[in-house]
Amino acid sequence: MFDKLEAVVNRYEQLTEKLADPSIYDRQKEFKEISSERSNIEEVVNVYKEYKKMKEDLEGSKEILRNEKDEDMREMAKMELAELEAQIPPMEEKLKVLLLPKDPLDDRNVIMEMRAGAGGDEASIFVADMFRLYQNYFRHLGFKIEVDSMSEGDQGLKEIIFTVTGDKVYSKLKWEAGVHRVQRVPKTETMGRVHTSTITIAVMPEVDEVEFELNPNDLRIDVYRSGGSGGQSVNTTDSAVRITHIPTGMSVANQDQKSQLKNKEKAMKILRSRIYEQMVKAQKDEIDSERRGQIGEGDRSEKIRTYNYPQNRISDHRIGLTVHNLEGVMNGDLGDITDALIAHHQAELMKGQEE
């Protein structure tokens, strides 16, 4: 472990030297890559420095106990020694976690897609409920949100697509991808029966045009008049845009903006992220099956998490976690569940390294 840590420190120093070169600012892509890599290992370096300082202080306390005759000095050394011996093992565990392989997408902003699955209007209502959950959760994390596209149902939301920006957004939100199942008595249910409904959530790392460029020859762009409610400008101009990626058949339509250009930009952003996410997923599936199939078909039997209202219970089926804080979670208190998923993932990685 310590050989790896020394190598990380050496790499950090090399990157720091590169950033000290004024000419690096003329090469923005290289500057961004170096800055990102340095930022990603900075915590490891700082914790390791703190650890080494503790080890030095520990040896200093032992040296005092070996040579010092003054009882007051010896007593202080004993107290410091006890404190350091208690602090060092947790610090070593923290360093092991920090050395685990990082998901290269963790620093990305994301595009989230939420859709009603099985359950009719109740599924649409739950999409709206979950969107409010995430809005509160993002506010707590300091993330910002921008709605890219939204389709309302008779009740709730049939679909909503939005971009989330902030610090290491994907590292927090990737755990939300999949089928979410809700069990509760709908407001329209007169007999008091519990219904089961589902929604699907996709979490895609955002990718900009510089990193992943779509070939214009692979795209078909159609423009048409916006439909539905939306003000006086709707249905008066061909502002709605549909972009189809011919090789994959993927298609994204956007009509939320009055400007055709803005609708095209939003549709292109979503399409680019969908295709990139598919490429990344294909690469990952070659080496592991950990994240196969993000959202399934939305059937009731497929789920990553269940929200059971009668029992005030949320169960995350991936790690067997159950919490009885449904109201708190639905108000955005999602941190404990996310932390548990991250801890479980880290434990699995550590187990794999030990085998």
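Which side chains meet in a salt bridge at 2.6 Å, N to O, one of them being that of Arg 27? The partner of Arg 27 in this salt bridge is Glu 30. The model under discussion is predicted.

**Salt bridges**

- Side chains of opposite charge can pair when their charged atoms come close.
- In this structure the count comes to 22 salt bridges.
- In the bridge between Arg 27 and Glu 30, Arg 27 is partly exposed at 36% relative accessibility, and Glu 30 is partly exposed with a relative accessible area of 30%.
- A salt bridge also joins the side chains of Glu 63 and Arg 66, at 2.6 Å from N to O.
- Both Glu 63 and Arg 66 belong to helix H2 (residues 28–67), where they stand three residues apart, about one turn of the helix.
- Glu 63 has a relative accessible area of 38% and is partly exposed, whereas Arg 66, with 54%, is exposed.
- Because the limit for exposed is over 50%, Arg 66 at 54% falls into that class.
- Four residues, Glu 113, Arg 115, Glu 159 and Arg 274, are linked in a network of salt bridges.

**Arg 184 and its two contacts**

- Arg 184 forms a salt bridge with Asp 129, and the closest N and O atoms are 2.8 Å apart.
- This pair links distant parts of the chain, with Arg 184 in strand S4 (residues 178–184) and Asp 129 in helix H4, 55 residues apart.
- Both partners are buried: Arg 184 has 11% relative accessibility, and Asp 129 has a relative accessible area of 12%.
- Arg 184 also lies over the face of Tyr 309, at 4.9 Å from the ring centre.

**Aromatic rings**

- A pair of aromatic rings is described by the distance of the centres and the angle of the planes.
- The structure contains eight aromatic pairs.
- One of them is formed by Tyr 137 and Phe 138, a tilted pair with 6.4 Å from centre to centre and 40 degrees between the planes.
- Tyr 137 is buried at 2% relative accessibility, and Phe 138 is buried at 1%.
- Phe 138 also pairs with Phe 162: the ring centres are 6.3 Å apart and the planes stand at 55 degrees, so this pair is tilted.
- Phe 162, like Phe 138, is buried.
- Tyr 137, Phe 138 and Phe 162 belong to one aromatic cluster that also includes Phe 131, Tyr 134 and Phe 143.

- Lys 168 has a phi near 55 degrees, which is a positive value in a residue other than glycine.
- Lys 168 is placed in the loop between S3 and helix H5 (169–173), and with a relative accessible area of 32% it is partly exposed.
- Asn 312, again a residue other than glycine, has a positive phi near 50 degrees.
- The loop that holds Asn 312 runs between strand S9 (305–308) and strand S10 (313–316).
- Asn 312 is partly exposed, its relative accessible area being 34%.

Conventions. Residues numbered from 1 in each chain as written. Predicted model: local features only at pLDDT ≥ 70, side-chain atom pairs only at ≥ 80, totals over all residues. Heavy atoms only, no water. Phe/Tyr/Trp six-rings, centres within 6.5 Å; stacked < 30°, edge-to-face > 60°. Buried < 20%, exposed > 50% of the residue type's maximum accessible area, 1.4 Å probe, protein only. Lys NZ or Arg CZ within 6 Å of the ring centre and 35° of its normal. Helix = DSSP H or I, 4+ residues; strand = E, 2+ residues; numbered from the N terminus.
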